[in-house]
Amino acid sequence: MLLVRGGTVVTAERSWRADVLCDDAGRIAQVAPAIAAPTGCDVLDAGGLLVMPGGIDPHTHMEMPFMGSVSSDDFETGTAAGVAGGTTMIIDFVIPQPGGSLLAAWKDWRAKAAKAVADYSFHVAVTHWDDQVHAEMGTLTRECGVNSFKHFMAYKGALMVDDGVLLRSIGRALELGALCNVHAENGDAVAFLQQDLLRRGLTGPDSHPLSRPPAVEGEAAQRVIAIAGLLGAPVYIVHVSTEDATAAIAAARARGQRVYGEVLAQHLVIDDSVYADPDWLGAARHVMSPPFRPKHHQKALWAGLASGQLQTTATDHCCFCAPQKLQGRDDFTRIPNGTPGIEDRMSVLWHHGVRTGRLTPQEFVAVTSANTARIFNIYPRKGAIVPGADADLVLWDDAASRTISAATHHQNVDYNVFEGMQVTGLARHTISGGRLVWTDGDLRAVRGAGRYVERPCFAPDLTAQLRLNRTSGDLPAGPK
Ligand SMILES: NC(=O)NCCC(=O)O
Ligand SMILES: [Zn+2]
Ligand SMILES: [Zn+2]
């Protein structure tokens, strides 16, 4: 048993002075002003600290085969880096082989993730359509604890799906009570612009953002919102990076459509000037999709978070070291896309969000854990501090500062996109499943201690949407 004593509990709803007792099963047993320590119970002094739900990163790619490489953080090192930064759960992505079985891929990912030090769950990508996909979506939702499917509108010739697949998959997910996630970029436009840039001899990483201008994201966001709207389905758009996509989401929500938007910590604070770095590797290390944007987009993203139009923050943690990035030395389209971030999301959000007054501490909890838990239907097991919830907690020191650096981080990658950034607000202690896994700079992560988190279908929002579809009666029947 572990008693967290003397802290200020902060949830998405409120803050109050309370002790938190964690039981031996890894759950919260009691939350109350002055809990007497049971015999044999360890006591952790949280005086002066904020006690918040551990962060949930709903978008990571650990050891993912991608663009001829495999991302360098595996489930052990990546989740360990997460707990060092106060994140106690990830939702990673199962990517099936081209044309292959979703179920077989899910089993592969379960095996890879068995070494995780903190809890994990999976979205499963749909990258093609046939009867087997239709059937396996059913199996995954009914038997495997999967309630979300991922679609890439970009990466033509690899992961990209067309509108026909989107229609079928979003319709199928709706009838199963699952939510679809979408990477919204027009992949045909990207491929066209890439070829044009290469033909003109523009082969460097500074061409990457030119091949994916904001309109490419805005168009795809509007298109998938329209497709989901046709079906009466909710949709979750990952890594929203532009004011164009933010506006599309806000407009849809104003029309009464259930559309959710996720923002990456990286896009909130890093702009496209990184591609002007004369050092090839310096620029290539920032090649990710969507790319970093002109600064004014950041204002729209922060406003989206503060207003609730965008609900979650993530990192799309997808690490590639220098030799991997160098694969695209002569052709920017071959640079593996992705940046690290899991260890620093919470500090970056606190420093640039809460300390600046853009977000309240309650809103910080909402966008770093509670909203994700609600949208993906694991609330209040996760994202809350109530009896019965998993004892995943971060004890936050809002006065302490650190300088982010690859020299000190725990991520298995040779750079950090936030290098040199001074942040105030850090994880002093992290508790995962009732165990202290990070304390005062000491990482006590245990390989394999993380558990697979099953997520049931028919989240409250989805159920409400299905009821609305039935009662409004103005939607076409979903595709079979
Ligand atoms: N984001 C990125 O550049 N890499 C990971 C794959 C994806 O999410 O698009
Ligand atoms: Zn993506
Ligand atoms: Zn991603």
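Predicted model: local features only at pLDDT ≥ 70, side-chain atom pairs only at ≥ 80, totals over all residues.
User: What length does helix 7 reach from its first C-alpha to its last?

Analyst: Helix 7 covers residues 243–254, which is twelve residues. At 1.5 Å a residue, a span of 16 Å is expected. The model is close to that expectation, with a reach of 16 Å.

User: Is A248 buried or exposed?

Analyst: A248 lies in helix 7. A residue counts as buried if 20 or more other C-beta atoms lie within 10 Å of its own. A248 has 26 C-beta neighbours inside 10 Å, so its class is buried.

User: Which residues is A248 in contact with, leaving aside its neighbours within four places in sequence?

Analyst: Helix 6 and helix 7 meet through several residues, and A248 is one of those on the helix 7 side. On the helix 6 side, the residues include G218, A221, Q222 and I225. Once its neighbours within four places in sequence are left aside, the contacts of A248 are G218, A221, Q222 and I225.

User: How are helix 6 and helix 7 oriented to each other?

Analyst: Two packed helices are described by the angle between their axes and the distance between the axes. The axes of helix 6 and helix 7 come within 8 Å and cross at roughly 20°. Angles under 35 degrees count as roughly parallel. Helix 6 and helix 7 are therefore roughly parallel.

User: Which elements are included in what covers the buried residues of helix 7?

Analyst: The buried residues of helix 7 are E243, D244, A245, T246, A248, I249, A250 and A252. Their cover includes both helices and strands. Among the covering elements are helix 6 (214–231), strand 13 (235–237), strand 14 (259–264) and helix 10 (296–307).

User: How many residues has the largest nonpolar core?

Analyst: In soluble globular proteins, nonpolar side chains tend to be buried together. In this model, the residues with the most contacts inside the largest nonpolar core are V20, V51, W106, V224, V235, I237 and I249. Of these, V235 touches residues that include I170, C180 and V224. The number of residues in the largest nonpolar core is 150.

User: Why is helix 12 largely enclosed by the rest of the structure?

Analyst: Helix 12 runs over residues 345–354. Its buried residues are R345, M346, S347, V348, L349, W350, H351 and G353. Helix 12 is largely enclosed because its buried residues number eight of the ten.

User: What is the handedness of the crossing in which helix 3 passes helix 4?

Analyst: The axes of helix 3 (residues 131–143) and helix 4 (residues 163–176) come within 10 Å and cross at roughly 35°. H134, M137, G138 and T141 of helix 3 meet R172, A173 and L176 of helix 4. The crossing is right-handed.

User: Where does N377 lie, and is N377 buried or exposed?

Analyst: N377 is not a glycine, yet its phi is positive at about 60°. N377 is found in the loop between helix 13 and strand 16. Since 22 other C-beta atoms lie within 10 Å, N377 is buried.

User: What is the omega of the cis peptide bond that joins Y379 and P380?

Analyst: P380 lies in the loop between helix 13 (361–375) and strand 16 (393–403). The peptide bond from Y379 to P380 is cis. Its omega is about 5°.

Methods. Residues numbered from 1 in each chain as written. Chains lettered and ligands numbered in written order. Helix = DSSP H or I, 4+ residues; strand = E, 2+ residues; numbered from the N terminus. Expected span 1.5 Å × (residues − 1). Buried ≥ 20, exposed ≤ 12 C-beta atoms within 10 Å, placed from the backbone. Contact = placed C-beta atoms within 7 Å. Core = buried A, V, L, I, M, F, W, Y, C linked by C-beta atoms within 7 Å. Axes fitted to C-alpha atoms, helices over the stretch in contact; angles between N-to-C directions. Parallel < 35°, antiparallel > 145°, perpendicular 65-115°, else oblique. Left-handed = near helix turned anticlockwise from the far one by under 90°.
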